[in-house]
Amino acid sequence: MRTYKLTMSYDGAAFFGFQRQSDEKLPTVQGTLEQTFAELFGERITIHGAGRTDAGVHARAQVAHFASSREIPAERLMYALNRALPAALVISQIEDVNASFHARKSAIGKWYSYHIYNAQTPPALGHGYFTHVPLAMDAVLFSQALAKVVGHHQFEGFCGRGATVKTYDRTLYLAKLRTDGPWWHVDVVGDGFLRKMVRNLVGTAIDIALGRRALACVDEALATGDRSKAGPTAAPDGLIMEEVFYAQARLDACLAQLAAQDAETPGLAIF
């Protein structure tokens, strides 16, 4: 058996999330990759992703792995898959890895970004890659809300319903807001994330920045694990999985780069 590591980007609007659904007619990233491989090479494989992004959530560098009995050179495999996959799903790299590698279990950290357009009238281009908040928000309150979740916490109060996890303990290394005129860019880096956790954190920060909730609600949600203490779930449109980390040096470099950027540093190009 040969184990392959995939790095890919995708437009989440084209899929009903990463994970294969019971209704196989619904397009998912996992299902599309598995079906395409089977059609090309006549073998059924199982794709294991680093994270199960929800419907509408995008990825710039999602990671997955699979094992195959076929001896296919990585470059040839990437070329064949990209020719057959839909335009909304692109593989940027395929590597041969040790059989012990696991896209999720081997990961030591993940970086997500969330993008908001905070002005009365949104731009005509790029819908699906940002969330529009027409009312004025307080950037200081937004940043204070993010600062409260940095560190090791029990994040049950920010976990979406239906999650099946052994523990809600997670460590966030960084949660930071950067603004560029009406564009608000949120970067969140942690050792792992619960279901809809980033969207729940951002939705809470938006409510606080709009004056709809007190800043103390973050502390209450963390202390009690009560989901009702936190704010609503932000839309999936603005969320992008930016990178999955497997080497401490790369994680440290990313954290240093993000930490060095001031609050008004322009964000990443999102589309």
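**View 1. Secondary-structure elements around the largest pocket.** Strands β2 (48-49) and β5 (109-117) and helix α4 (197-209) each supply at least two residues of the lining of the largest pocket. The model shown here is predicted.

**View 2. Space and lining of the largest pocket.** The largest pocket holds about 1200 Å³ of space. Its lining comprises 39 residues, and those closest to the pocket centre are Gly51, Arg52, Arg104, Phe193 and Arg195. Sorted by class, 15 residues of this lining are nonpolar, 14 are polar and 10 are charged.

**View 3. The second largest pocket.** About 280 Å³ of space lies in the second largest pocket. A set of 14 residues lines the second largest pocket. Nearest its centre lie Arg20, Glu24, Gly31, Thr32 and Gln35. The lining of this second pocket has six charged, five polar and three nonpolar residues.

**View 4. Lys110, a buried lysine in strand β5.** Lys110 sits in strand β5, an element that supplies at least two residues of the lining of the largest pocket. Lys110 is buried and has no salt bridge. Asp191 is the nearest side chain of opposite charge, 9.2 Å away. A polar atom of the Lys110 side chain does lie 2.5 Å from the backbone oxygen of Ala50.

Notes: Residues are numbered from 1 along each chain as its sequence is written. This is a predicted model: local features need pLDDT of at least 70, side-chain atom pairs count only at pLDDT 80 or more; totals for chains, interfaces and linings use all residues. Side-chain values use heavy atoms; hydrogens and water are left out. On a 1 Å grid over the protein atoms alone, a cavity is a set of points where a 1.4 Å probe fits but cannot get out, and a pocket is an open set with protein on both sides within 12 Å along at least five of seven lines; lining residues have an atom within 4 Å of a point. Grid points are joined across faces, edges and corners, and a volume is the space filled by probe spheres set on the points. Helices (H or I, at least four residues) and strands (E, at least two) are DSSP runs, numbered from the N terminus. Ala, Val, Leu, Ile, Met, Phe, Trp, Tyr, Cys and Pro count as nonpolar, Asp, Glu, Lys and Arg as charged, and the others, Gly among them, as polar. Buried means under 20% relative accessible area, exposed over 50%, partly exposed in between (1.4 Å probe, protein chains only). Lys and Arg count as positive and Asp and Glu as negative; His and the chain ends are not counted. A salt bridge is a side-chain nitrogen of Lys or Arg within 4 Å of a carboxyl oxygen of Asp or Glu. A polar contact is a pair of N or O atoms within 3.5 Å; within protein, one must be able to donate a hydrogen and the other to accept it, and residues adjacent in sequence count only if both atoms are side-chain atoms.
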